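Hi everyone, thanks for coming. Let me put the structure up on the screen, and then I'll walk you through a few parts of it.

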Amino acid sequence: MSLQWPDISFQDRMATAEFRVHERAHIVVNSDSCNGCTTRACVVACPANLFIPTSDGGIVFNYEQCFECGTCYMVCNEEGAISWTYPEGGHGIVFHHT
Amino acid sequence: MPDFDVIVVGAGPAGSCAALTIARTGKSVALIERGPFPGSKNMYGGVVYPRILDALIPEWWNEMPVQRWVTRRSTMLLTDTQSLSIDFRSDAWGDAPYNGATAFRPDFDNWLANKAVEAGATLVCSTTVTGLITNANGAVIGIHTDRPDGDLTASVVIACDGVNSFLAKEHGMYPHTDAAHFTLGVKETITLSKDIIDERFAVRGNQGVDIEILGGTSGVNGGGFIYTNLDSLSVGVVLKLPKLAAQSKRPEEIIAGLKSHSAIAPLVEGGTVSEYSAHLIPEAGLKMMPTLLDDGLLVAGDAAAMCLAAGIWLEGVNFAMASGMYAAQAACEAIEKGNTSAKGLSLYKKLLEDTFVLRDHRKLRRAPQLVLSDRVQHMYPALITSVVQGMFHVNNPLPKPGLRKILKDERRRLGIRTIDLAKDAITGFRSFG
Amino acid sequence: MTPIIGVCVKWIGSQPTSGHEADARFAQFSASDQAALEVSLQRAEQQSARVRVVSVAPIAARSHLVALCASGAHELVHIAAEGQSSSAHVAHELAQHLRDCASVWCGDYSLDRGSGSVPAFLASTLGAQQALGIVGISATNNNSLDLLRRLDAGRREIVRVMEPFIISVEGSMATLRRASLASTLRPTANIIEASLAEPSTLSLGDFSPFRPRPRTVKAPAGETALDRIKAATSANSPQKHSEIVTLAPEDAAQYIVERLTEWGYLS
């Protein structure tokens with residue numbers, strides 16, 4: 001690629017979206033399943049970067065800044081490792097100019 | 001007696017057109033939306049083709065919240081160092097009755113839902129539907145929601161609950177879901193002044209531009225797009241899920257890569273990212289479509305994979321609106337006849353088959369796979385751009401080579417087999433011809 | 001007669017942090033406003049009272065107010081007003097609908113970081129006791145409440161308020177219950193429509209901070225620049241430390257006036 005693009009930090013990027021966080025996590029990761037996982041597809045594919053691999057082979061996840069797209073459970077190849085539902089009505093992502 | 005004649009789940013374009021159609025017949029209809037307002041959960045590339053609204057809202061263009069009317073369409077091929085554009089402009093698209101428009105979904109969907117409310121639909125926001133209520137025979141008779149005392153019953157439920165459609169999945173309408181059938185769309189809304197956009201994209205007033213890009217996605221199968229809003233750009237990429245998962249570049253890095261391409265950077269630079277967003281797209285067309293109806297249940301819009309991702313045609317909102325409208329017509333007819341079984345609702349299937357909704361999908365059933373194939377994604381852009389470069393590169397004192405020779409040399413250099421080229425050409429011709 | 005508990009909620013067009021123009025679609029009530037409603041609903045259940053939500057807000061806010069009241073409020077007084085009004089005026093208008101309330105509950109913190117003066121004006125108008133920063137109720141008595149109040153540095157105090165009182169609660173005190181589907185579908189709160197009256201012509205006048213006029217100081221005397229600087233800064237003169245003077249009050253006042261005049265603060 002020919003030109004350098006001065007990109008914004010990921011934190012600033014996520015700060016452009018509005019999230020109405022509910023106290024209940026709508027994503028649950030069963031870390032036992034993640035220990036045997038070598039692909040770690042959720043880590044690279046989640047557009048909100050919610051999945052962080054830990055040194056002991058598990059996955060730490062956040063749910064607060066979730067776009068509710070569904071990519072994580074779609075790309076996950078460990079059956080049932082990611083349980084994903086919609087957040088409580090009225091909560092979660094609120095798009096403005098999309 | 002059920003609480004409502006029809007419950008529509010999801011106030012997107014499919015759900016709102018369904019609710020509007022039902023409310024106009026005088027039947028009671030509840031439109032349930034999980035976001036705080038219709039459109040708040042919805043994101044797309046940026047262009048809507050509302051022709052189908054002629055049937056529901058005459059002269060919709062006078063009231064629809066539009067950013068710009070698309071009067072220029074570009075299809076762009078990108079390699080790392082080259083770009084090739086086919087650019088088309090039509091003044092007719094800038095006047096009534098118009099063709100396509102850029103619009104923001106929180107504006108558009110909210111407007112459409114309010115049309116349904118004006119017609120008499122009951123809109124309930126901030127309410128997530130958590131499941132279907134079925135009777136002893138397995139027929140759908142209502143919904144569970146996440147509110148206290150949250151059950152609601154109806155003669156027919158229309159599931160317009162989006163690409164993840166938990167309702168259709170729960171009810172077994174999807175025999176299997178394959179990640180390969182989905183792409184992830186990520187985009188940046190980039191604020192730029194109207195004057196700068198007018199100048200860079202060579203448009204005036206409320207004219208807009210739609211640029212579809214093949215290549216520029218860091219080797220992940222998919223595509224890119226740039227759409228002009230009034231004083232912002234929608235810039236993003238669409239990425240095939242298994243390919244995204246199998247490499248190491250994150251979605252926002254892939255957008256950054258596209259934005260730094262020498263053909264793209266001059267269009268977007270200096271702008272401020274005012275919103276970052278993401279959404280899944282059902283890309284596989286007919287191949288992934290679920291069962292569309294069952295006793296007491298109809299599925300429409302993204303929930304039924306009614307999204308056309310066929311390279312040069314990228315449409316979804318129009319398919320959603322039409323399928324929602326047809327589902328509503330079928331539901332009304334079934335209720336009037338007193339038979340809301342799958343058989344009683346079968347008009348839905350017929351209306352879809354008779355119109356563009358399924359006819360376009362049937363004609364283009366091979367297109368999504370072709371467009372997202374490795375050859376179309378990686379080899380043909382390189383082949384075409386290098387052939388064009390060979391044609392226009394002046395290499396004096398050597399004489400100009402013939403087009404056939406360039407094509408042959410480049411094909412050999414890139415290792416593209418004649419048989420594959422012929423096969424893809426036939427598939428392409430059968431789809432697009 | 002059924003007692004009535006008043007709740008005041010503040011409408012903000014949209015979240016000011018979102019960086020976009022005000023838009024009713026994106027509006028929310030603050031967590032503390034929602035907590036105030038929840039606490040009121042709980043008290044209403046104990047006392048068989050009715051809850052009345054009162055708000056000065058534009059017409060566009062109606063659906064949001066109705067949705068808020070679906071949690072169980074019995075009455076909604078929507079005082080329609082477009083644009084900004086002074087806190088005193090808003091409080092005056094709210095008070096017209098709160099005179100029959102033994103208690104009024106507000107949120108302690110508004111999304112637009114308001115001054116918090118509306119509850120104070122309300123307390124003044126209604127002749128009610130006021131307590132701010134409430135995080136809990138420690139005891140309920142006949143017509144008084146012992147409230148847990150947040151102080152600086154993590155300290156707490158317990159304050160007792162007697163009816164009528166007006167209380168501002170923090171968002172952490174309670175989470176507003178979810179409205180049932182039935183009350184969302186068919187709102188039950190009795191809606192009283194009012195409109196904002198013109199501000200009273202009786203005005204206390206314009207207030208502005210006291211800013212003394214600049215005064216001319218005689219240039220310091222001295223041959224050289226250094227001398228003049230020394231004179232201006234009193235660098236060479238012996239330091240005059242504070243003096244202790246014992247005088248009768250009238251003489252002390254006179255003394256202070258003289259010194260201030262001498263130093264140039266008074267003329």
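**The largest cavity and beyond**

Let's start inside: the residues lining the largest cavity divide into nine nonpolar, three polar and two charged. Here Ala, Val, Leu, Ile, Met, Phe, Trp, Tyr, Cys and Pro count as nonpolar, Asp, Glu, Lys and Arg as charged, and the others, Gly among them, as polar.

Before I go on, some housekeeping. This is a predicted model, where local features need pLDDT of at least 70 and side-chain atom pairs count only at pLDDT 80 or more, while totals for chains, interfaces and linings use all residues. Residues are numbered from 1 along each chain as its sequence is written, chains are lettered from A and ligands numbered from 1 in the order in which they are written, and side-chain values use heavy atoms, with hydrogens and water left out.

Back to that cavity. A cavity is a set of points, on a 1 Å grid over the protein atoms alone, where a 1.4 Å probe fits but cannot get out; lining residues have an atom within 4 Å of a point. The structure holds four cavities of 30 Å³ or more, and the largest has about 90 Å³ of space, a volume being the space filled by probe spheres set on the points, which are joined across faces, edges and corners. Of its 14 lining residues, A:Cys34, A:Cys37, A:Arg40, A:Cys42 and A:Cys76 lie nearest the centre. Helix H2 (31-35) and helix H3 (41-45) of chain A each supply at least two residues of this lining.

Chain A has four helices and six strands; these are DSSP runs numbered from the N terminus, helices being H or I with at least four residues and strands E with at least two. From the N terminus, the order is α-β-β-α-α-β-β-α-β-β.

Now to chain B. Which residues of H13(B) are buried? They are B:Ile406, B:Glu410 and B:Arg411, with buried meaning under 20% relative accessible area, exposed over 50% and partly exposed in between (1.4 Å probe, protein chains only). Seen down the helix axis, they fall within an arc of 125°, so they line one face of H13(B); the arc is that of the directions from the axis to the C-beta atoms. On the other side of H13(B), B:Arg404 and B:Arg412 are exposed.

Last stop, chain C. C:Asn190 lies in strand S9 (residues 190-195) and, at 43% relative accessibility, counts as partly exposed. C:Asn190 and C:Val66 are 124 residues apart in sequence and 9.7 Å apart in space, C-alpha to C-alpha.

Terms used: On a 1 Å grid over the protein atoms alone, a cavity is a set of points where a 1.4 Å probe fits but cannot get out, and a pocket is an open set with protein on both sides within 12 Å along at least five of seven lines; lining residues have an atom within 4 Å of a point.
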